[in-house]
Amino acid sequence: QFTANADALNDFIAYLVENTYGDDIFEFVAFCDDLNLLDCIHTDNMERVVDALLHSGRTAEAIRVGLRYTHITPAMHESIGISICSTPWTDVFHHSFHPLIKQWCKRLTTQYMAYFNDPINREMDQEWSFDEQNESIPLLQPKFEAFFVYIIHLLARDGMAHVCKSLLQIIEPVINKFESTALEYGIMAMYAYLGDIINVQAMFKQQLSISKRSVT
């Protein structure tokens, strides 16, 4: 019935979110995924599914389900970011989350760059990145900064230099567009956690050089 009737599918999803808990929701969504029906779920329903999984403690499932969905929205990105940051970082979770975090950063970069490369948006000032009404970007700049810095600090604290380097390479085009002091100092602190004094000094000198040019 669900394969032939998207309305019935979405009505049932809405019922599950309103009346059941995370386990039942995840089992049904996994069933939909097996039948390639995830993209038949309306975006507002999928936002509620991911949020329900997050608040029932199934953070890994919230991330995986969100990333499997083609039309990922800002609300879903936010739920994924909260899921990553709120999960206890035991060794098992830590290592299983690495590919998910990389996948999330790739999705963010793709969506951000599609927005930046749109000729309509190129002439806009930086205020777009703080506009709560802007649904065209995956995350507002302050939210992106908070999630990304927190995640790379967790990874650096655990000595995961190779993962940190991989994430920086993935997200570098976005960082360059934002020109964010918060991100620069967050990355500098990441290098400090890793004991990479050479990169800390290089970034510190770069910041001093920028400050001097601004004064002159």
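**Figure 1. Helix H8 and the lining of the largest cavity.** Helix H8 contributes four residues to the lining of the largest cavity, the most of any element. Helices are DSSP runs (H or I, at least four residues) numbered from the N terminus, and strands are runs of E with at least two residues. H6 and H8 each provide at least two lining residues. The model is predicted: local features need pLDDT of at least 70 and side-chain atom pairs pLDDT 80 or more, while totals for chains, interfaces and linings use all residues. Residues are numbered from 1 along each chain as its sequence is written, and side-chain values use heavy atoms, without hydrogens and water.

**Figure 2. Residues around the largest cavity.** The lining is made up of Trp104, Cys105, Leu108, Phe144, Phe147, Phe148 and Ile151. A cavity is a set of points, on a 1 Å grid over the protein atoms alone, where a 1.4 Å probe fits but cannot get out; lining residues have an atom within 4 Å of a point. Seven of the lining residues are nonpolar, with no polar and no charged ones. Nonpolar here covers Ala, Val, Leu, Ile, Met, Phe, Trp, Tyr, Cys and Pro; charged covers Asp, Glu, Lys and Arg; the others, Gly among them, are polar. The largest cavity holds about 40 Å³ of space, and the structure has one cavity of 30 Å³ or more. Volume is the space filled by probe spheres set on the points, which are joined across faces, edges and corners.

**Figure 3. The ring pair of Phe116 and Phe178.** The whole structure contains 11 aromatic pairs. Rings of Phe, Tyr and Trp (its six-membered ring) pair if their centres lie within 6.5 Å; planes under 30 degrees apart are stacked, over 60 edge-to-face, and the rest tilted. Phe116 and Phe178 pair edge-to-face, at 6.2 Å centre to centre and 90 degrees between the planes. Phe116 belongs to helix H6 (residues 91-116) and Phe178 to helix H9 (residues 161-178), so this pair ties together parts 62 residues apart in sequence.

**Figure 4. The ring pair of Phe144 and Phe178.** The ring centres of Phe144 and Phe178 are 5.5 Å apart with planes at 50 degrees, so the pair is tilted. Phe144 sits in helix H8 (residues 141-157) and Phe178 in helix H9, so the pair ties together parts 34 residues apart in sequence. Phe144 is buried, as is Phe178. Ring pairs join Tyr112, Tyr115, Phe116, Phe144, Phe148 and Phe178 into a cluster.

How values were computed. Buried < 20%, exposed > 50% of the residue type's maximum accessible area, 1.4 Å probe, protein only. 1 Å grid on protein atoms, 1.4 Å probe; cavity = no way out; pocket = protein on both sides within 12 Å on 5 of 7 lines; lining within 4 Å.
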